[in-house]
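Here's a quick briefing to read with the model open beside you. Grab your viewer and follow along.

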Amino acid sequence: MSWFTRKDKGIQTPTEAKREAPDGLWYKCPQCGNIMHTREHKLQAYTCSKCNYHEKIGSQEYFELLFDDTLYTELDPTMTSDDPLHFKDTKAYPDRIKATERKTGLKDAVRTGYGQVQGIDMVVACMDFNFIGGSMGSVVGEKIARAMDYSLKNRIPLLMISKSGGARMMEAGFSLMQMAKTSAKIALLDQAKIPYISLLTDPTTGGVTASFAMLGDFNISEPGALIGFAGPRVIRETIGKDLPKGFQSAEFVQEHGFLDFIVDRKDLKDRLAKLLEIIWVKPA
Ligand SMILES: [Zn+2]
């Protein structure tokens, strides 16, 4: 018999009154269940110490990981979306934007800025999946295009970090135009011989895969990232066949020739610096 038994039956503790560890102190890996201290998880670049699962992170985290002394200057930080189509689904589009801004503290689904990565000047554009699924609307396209203009003008290599569900349906055709706009800018970078490196992270799909994410001088990815155009269910139903194992994983995509290499996030900064040392001669 245990030394303590509850005498009265039917005592219920409401969930909110239950004492638990403070939120945000521990991280549980969704892939293997490993439990890590959040501080340790952050030190490991938000990867699992046991199975190396790469947790999805936002632009703020990537900027802090990449830029020397976490110093960078943000470009166009206040640009926000208009509502060209007066679009309404369950919510009017401007209301959805405002609610998402409040929830995430972000203005749209990409952050752009410049700074130094191991002493090398670099422009970085990084998408945020938390902002309407990292969808590519006019602001995303415009901010990326302007980051590329900054690269061109100052002759600085550009790193694009993609994480997106694709086009933003609330902007329909305006969203699709961003594919052409960003692709045209990449052609200008190419002509000017300025390196454009594209890092595809989990997940990169739709119109983003079909434009700037796959147009890098180097297309690289993180382990296990989902990369594709349409989702597996749509493809399965279209072709009427089962899909091969690991279909649309970074490893599968690399094996089929679409990626140059897969990089562990903990090594990202080093690998980028080494790559640029090989392909890029810094202007005097
Ligand atoms: Zn794990």
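## Starting point: serine 175

Serine 175 touches Met136, Gly137, Ala167 and Arg168, leaving out residues up to four places away in sequence (contact means heavy atoms within 4.5 Å). Serine 175 sits in helix H5 (residues 172-191), and at 0% relative accessibility it counts as buried. Here, buried means under 20% relative accessible area, exposed means over 50%, and partly exposed is in between, using a 1.4 Å probe and protein chains only.

A word on what you're looking at: this is a predicted model, where local features need pLDDT of at least 70 and side-chain atom pairs count only at pLDDT 80 or more, while totals for chains, interfaces and linings use all residues. Residues are numbered from 1 along each chain as its sequence is written, and side-chain values use heavy atoms, with hydrogens and water left out.

**The big picture**

- The chain has nine helices and nine strands; these are DSSP runs numbered from the N terminus, with helices (H or I) of at least four residues and strands (E) of at least two.
- Along its principal axes, the C-alpha trace spans about 80 × 45 × 45 Å.
- Of the 284 residues in the chain, 43% are buried.
- Take the contacts between residues at least 6 apart in sequence: 67% of them join residues at least 24 apart.

**The sheet**

- Seven strands make an open sheet in the order E3-E4-E5-E6-E7-E8-E9, with mixed pairing; two strands pair if DSSP finds at least two bridges between them.
- At the edges are strand E3 (72-75) and strand E9 (261-262), each pairing on one side only.
- E4 (residues 110-117) and E5 run antiparallel and are joined by eight bridges, with valine 117 partnered by isoleucine 120 in E5.
- Two residues separate E4 from E5 in a hairpin, and glutamine 118 in the turn has a positive phi of about 50°.
- E5 and strand E6 (residues 158-164) run parallel, joined by four bridges, and alanine 125 has methionine 160 in E6 as its bridge partner.
- To get from E5 to E6 the chain goes through helix H4 (residues 138-154), a right-handed β-α-β crossover; right-handed means that, with the strands pointing away from the viewer, the path from the first strand over the helix to the second runs clockwise.
- Over at E8 (residues 218-221), two bridges make a parallel link to E9, where phenylalanine 261 is the bridge partner of isoleucine 220.

**What's packed inside**

- Seven of the eight residues of E5 (residues 120-127) are buried, so this strand is largely enclosed by the rest of the structure.
- The largest nonpolar core has 58 residues, and Leu159, Met160 and Phe212 have the most contacts inside it; such a core is a set of buried Ala, Val, Leu, Ile, Met, Phe, Trp, Tyr and Cys residues joined through side-chain atoms within 4.5 Å.
- E5 gives this core its largest share, seven residues.
- Setting aside neighbours within four places in sequence, methionine 160 is in contact with residues including Val110, Ala125, Ile144 and Phe212.
- Isoleucine 197, in strand E7 (residues 196-204), is buried with a relative accessible area of 2%.
- With neighbours within four places again set aside, the contacts of isoleucine 197 include Leu158, Leu159, Met160 and Leu272.

**The zinc site**

- Cys29, Cys32, Cys48 and Cys51 are the protein donors of the zinc ion, each through SG, at 2.2 to 2.3 Å; donors are N, O and S atoms within 2.8 Å of the metal (3.2 Å for Na, K and Ca), and sites may look incomplete as water is not among the atoms.
- The four donor atoms subtend angles of 105 to 114°, which makes the arrangement tetrahedral (for four donors, all angles between 85 and 135 degrees).
- In sequence, the spacing of the donor residues is C-x2-C-x15-C-x2-C.
- Cysteine 29 and cysteine 48 are both buried.

- Most residues other than glycine have a negative phi, and most peptide bonds are trans.
- Aspartate 202 and proline 203 are joined by a cis peptide bond, with omega about -5°, and proline 203 is in strand E7.
- Threonine 70 has a positive phi of about 50°; it lies in the loop between H2 and E3 and counts as partly exposed at 42% relative accessibility.
- Histidine 86 also has a positive phi, near 50°, and is exposed, with a relative accessible area of 67%.

Key
Tetrahedral: all angles 85-135°; square planar, octahedral: opposite > 155°, others 65-115°.
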